[in-house]
Amino acid sequence: MRVGYYPGCSLHGTARELDESLRAVAPPLGLELVEVNDWSCCGATSAHATSHLLSVALPARNLALAEEQGHDQLLAPCAACYNRLASARHAVACDAALAETIEDVLGRPFPSTVAPRNLVEVLRARLDLLRERAVRPLTGLKVACYYGCLLVRPSEVCSFDDPEDPVSMEEVVTATGATPVAWRRRLDCCGGAFSVARTGSVVRLSRAILDDARSAGADAIAVACPMCHSNLDFRQKALVRRGEAELPVLYLSELVGLALGLDAETLGLGRHFVDTKALVERALASKPGPAAKPGPRPSAPAAAAKPASPAAAGTEAV
Amino acid sequence: MARIGVFVCHCGENIGRTVDCARVAGEIGKLPGVVHSVDYKYMCSDPGQALIKQAIAEKGLTGVVVSACSPHMHERTFRRAAGGAGLNPFLCEMANIREHCSWIHEDREAATDKAIDLARVIVEKVKRNVPLETIRIPVEKRALVIGGGIAGIQAALDLADGGAEVVLVEKEPSIGGHMSQLSETFPTLDCSQCILTPRMVEVYQHPRIRLMAYCEVDAVEGYIGNFKVTIRQKARSVDETKCNGCGACQKACVVKNVPSEFDERLGKRTAIYVPFPQAVPNIPVIDREHCAYFKGRARGMKKDACGKCKEACARGAIDFAQEDRFVTEKVGAIVVATGYELYSIGKDQPAAGLKGYGEYGYGTVPDVIDGLQFERLASASGPTAGKLLRPSDGKVPKKIVFLQCVGSRDPAKGIDYCSKVCCMYVAKHTMLYRHKVHDGEATVFYMDVRAAGKGYDEFTRRAVEEDGAVYVRGRVSRVYRDGDVVKVLGFDTLNGTPVEIDADMVVLATAMRPRKGIEKLAQTLSVSYDRHGFINEAHPKLRPVETNTAGVFVAGACQAPRDIPDSVAMASAAAAKVLGLFSNEMLEREPTVARVDAALCAGCFHCERVCPYGAVEHKEVRDRKGNLLKVVADVNPGVCQGCGTCQATCPSKSVELMGFTDEQIYAEVNALAL
Ligand SMILES: Cc1cc2nc3c(=O)[nH]c(=O)nc-3n(C[C@H](O)[C@H](O)[C@H](O)COP(=O)(O)OP(=O)(O)OC[C@H]3O[C@@H](n4cnc5c(N)ncnc54)[C@H](O)[C@@H]3O)c2cc1C
């Protein structure tokens, strides 16, 4: 399936491994990523803090481009980009006057037919393929799924999962053969864009997240946001206390790639600050799974895995 | 040849100021067929009506048009006057030149022209009116009450005391509803069972009430005054005529660990059970899903797996072979009182659009309970005999956190309405808690405290001032188990600070929702319901206990979240309405109903599909020898509400609404256009 691809600035910069891993897992999962030609900034962080019009117009421009280039879905792997695109679309849908202004600003019609999609949503829509092709199931690996703040909220904008008690990342992790752990800070803020301006706050918030994941017995944290990744991975050296083991922080696409049998380098696993080697070796050591034939659904502990959720049933086909 | 009289009213200055009534009368008087046309200051006054009567008598009028106010206002008045003068009342019509003309226009010239047009239109209609006869239908003076909660009980007792026969249908083994589960009730803190059970017994013993517990309404046919109701008596597996309620069967039952519905799953019951000791009727039911005998049967075992209850019963009342039975009852009116249930808090939601509160841990953390569960823990007849002990380890909770508005007033979770009773019962819960655990700490998270009602605000104040409840304004983001405590993370919006509480127990005041399956019942009864499933009243202010279907009334929490005083008031109101209906030997209905021309009807039954009231029936047309020629539509005049949808739909124009036939409507349009 052909999907418009909007990497945003992070995936060309600090989050290159997200870009690499996603491009690597796309073919086996039946996805053709077509990068939108001439894409520009989504307006995250600065635009929406300074100008409402700009915060809608910038993402709208990218959606309009995708539309022109024949897409009906636009995958924005960065949670902030996704949130901006979805928020802009929502704003235009709710405000006819704004919709007109935006068309003026863009200088082109904007019927808003392209649906923004996030990383988790797109992977979750391919669980059957993933289960079928997971030649190296990550059996025994305990993963804390970290949603952060931008992926599922606000609920009227990101309606693909329950905003307070989401399950979609856990579903994807379960399909890789790994086991999602039950923990509490899945939706807490990591400090986000304050990484530079107020490092103290980021350290406090991110440390609480790491502590909680660790005490829940996680071997790794899965994320779907470059900002979260940078706060938890890049800053982790500063966060861990003496004697504490570091906790690898992986993009969901990297975990999926490992399960699909892709090698660590292709997935960009060497780009992390927290060493992922031990984890990768563990994955490589795992027994080959039921490749090519759709095996039974890996069962997961009842507390963590909630397979059928009402939110899941309600989403459009991705 | 038509002889129409037209009477133009000034309505004092109301019409006269903007419309030149004399000119209207003059112009209309020139129309063919109009033999009399006058204007007068107040047509509805006695002398005004006398003018009409006199003209009918003297000029031999065949139709009357009163150009005045809205027919909602005075159509009855003028039809009665016409009738009094010997004219068929349905030959009298009104042209509305007040609300539709004088009140909304300023230009006198143009308004007068419009008034002439309006009157001319009605003149053309009346020329084509035919005499109609008021429909009279006999009334079956028995009422059906559906639901045996406090609302249904009250309605049944009021009706029976007022002389009517009542059939009370309750789907559970016992009547009582949610009120029977409550410990003490606001705003007076009187014991719920103490005030309820005498009324339940009264229902049982009342000579005019037929109590049908463990029954459900399966089908309803007919119309106001003449409903035919099919009731399914679910198999109790116990012969009601033999059982004397001794309880020996329950003692003998080997299955003792079925979660008790009455105790909100905090206690256990046997497979053969009465829901609670004061149940009415005090006759047990075998829960076939859990009973060892039936489970054995289902597994195909040849030998009976159990039969202990049968052995224990001295009266031979156990009847494993019993099956559902169907009974039909004829009733003249129906009161719906099916009550409410609580919003399901967890992930599994009964309806699309509803989203649960997975983050509050209900269902996974044992010490997170809902309001009704708290009632059972606080109730002397409850699973802990009235001692407040938390479910996980039976310890006395020293800190309880209560969360208000769980589900209610939260459009993101699918419910935007206020459940109305929670502010009150949470205040009550904090009091009950402090009365039982003197050193306990009760904290309430709230959005607003809504305590409108007699003695209500005083009651919530008492919770704070006398019983020391701590109210924190704000929402809770998460509830989870942390070792021995239940952690509550919230936010105090008055202080602007996060709050973290290590609680022993958390009580969620969840939204009130209509009962599961209410939509189906509403469709069976042809009554409308709102998007949440609450039964709609006919008019929110003026007809609060009637529904859109004549003869069907509504009471209690199935119409909206209601407390006991409200539910009882509604029930008495509904009973009064039914008794008012039953005070007539015959019901009079307007004859403006649809009628099918069997000769033209092709039997396509489009009309049946569009009729919102289920008034279209099938009629066989036979020749003289009795051979079936065709099946045509037939409108039951008792059910038809005269909306005209069938007429608009009929492809062969064989159904007409009396008083609003196509011919009449076209004549009106032509009078305006030509
Ligand atoms: C935790 C809590 C505490 C409360 N405390 C108080 C209080 O202190 N004071 C107060 O005034 N109010 C209180 N209330 C509100 C009170 O419970 C309701 O006002 C009252 O129960 C409404 O009565 P009802 O008869 O309308 O409904 P219900 O009590 O729900 O009764 C409905 C009955 O209809 C039956 N039924 C349902 N569907 C069908 C069907 N299809 N066919 C046949 N029968 C059917 C049900 O089995 C039930 O017996 C409290 C509510 C809660 C949740």
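Biologist: How do the residues of the shell around the ligand divide into nonpolar, polar and charged?

Modeller: Keep in mind that this is a predicted model. The shell holds 35 residues, and among the closest are Glu170(B) and Phe186(B). Sorted by type, the shell residues come out as 15 nonpolar, 11 polar and 9 charged.

Biologist: Which helices of chain B each supply at least two residues of that shell?

Modeller: Strands do some of the work here: β7 (165-170), β8 (184-185) and β19 (340-342) of chain B each give at least two shell residues. The helices of chain B that also supply at least two each are α7 (150-161), α12 (371-378), α13 (422-436) and α16 (564-582).

Biologist: Which residue has a backbone N or O atom 2.8 Å from an oxygen atom of the ligand?

Modeller: Let's go through the backbone atoms one by one. Asp563(B) does face a ligand oxygen atom, but at 3.4 Å. The one at 2.8 Å is Ile564(B).

Biologist: How much of the ligand's exposed area does the protein bury?

Modeller: Start with the ligand taken alone, where it exposes 1,000 Å².

Biologist: Now the two chains. What area do chain B and chain A bury between them?

Modeller: The size of an interface is often given as the accessible area lost when the parts come together. Here the contact takes 11 residues from chain B and 12 residues from chain A. Carbon and sulfur atoms carry 47% of the buried area, which is about 990 Å².

Biologist: Which residue of chain A forms a salt bridge with Arg478(B)?

Modeller: The rule finds 1 salt bridge across this interface. On the side of chain B that touches chain A, the residues divide into 2 nonpolar, 2 polar and 7 charged. In the salt bridge of Arg478(B), the closest N and O atoms are 3.0 Å apart, and the partner is Asp188(A).

Biologist: One for the backbone: which residue does a cis peptide bond join to Val280(B)?

Modeller: Most residues other than glycine have a negative phi, and most peptide bonds are trans. In chain A, a cis bond joins Arg153(A) and Pro154(A), with omega about -5°. In chain B, look in the loop between β15 (272-273) and β16 (285-286). There omega is about 0°, and the residue joined to Val280(B) is Pro281(B).

Note on methods:
Residues numbered from 1 in each chain as written. Chains lettered and ligands numbered in written order. Predicted model: local features only at pLDDT ≥ 70, side-chain atom pairs only at ≥ 80, totals over all residues. Heavy atoms only, no water. Contact = heavy atoms within 4.5 Å. Buried area = accessible area lost by both parts, 1.4 Å probe. Salt bridge = Lys/Arg side-chain N within 4 Å of Asp/Glu carboxyl O. Nonpolar A, V, L, I, M, F, W, Y, C, P; charged D, E, K, R; others polar. Near = heavy atom within 4 Å. Polar contact = N/O pair within 3.5 Å; in protein donor to acceptor, adjacent residues only side chain to side chain. Areas by Shrake-Rupley, 256 points an atom, 1.4 Å probe, with all protein chains shown as cover. Helix = DSSP H or I, 4+ residues; strand = E, 2+ residues; numbered from the N terminus.
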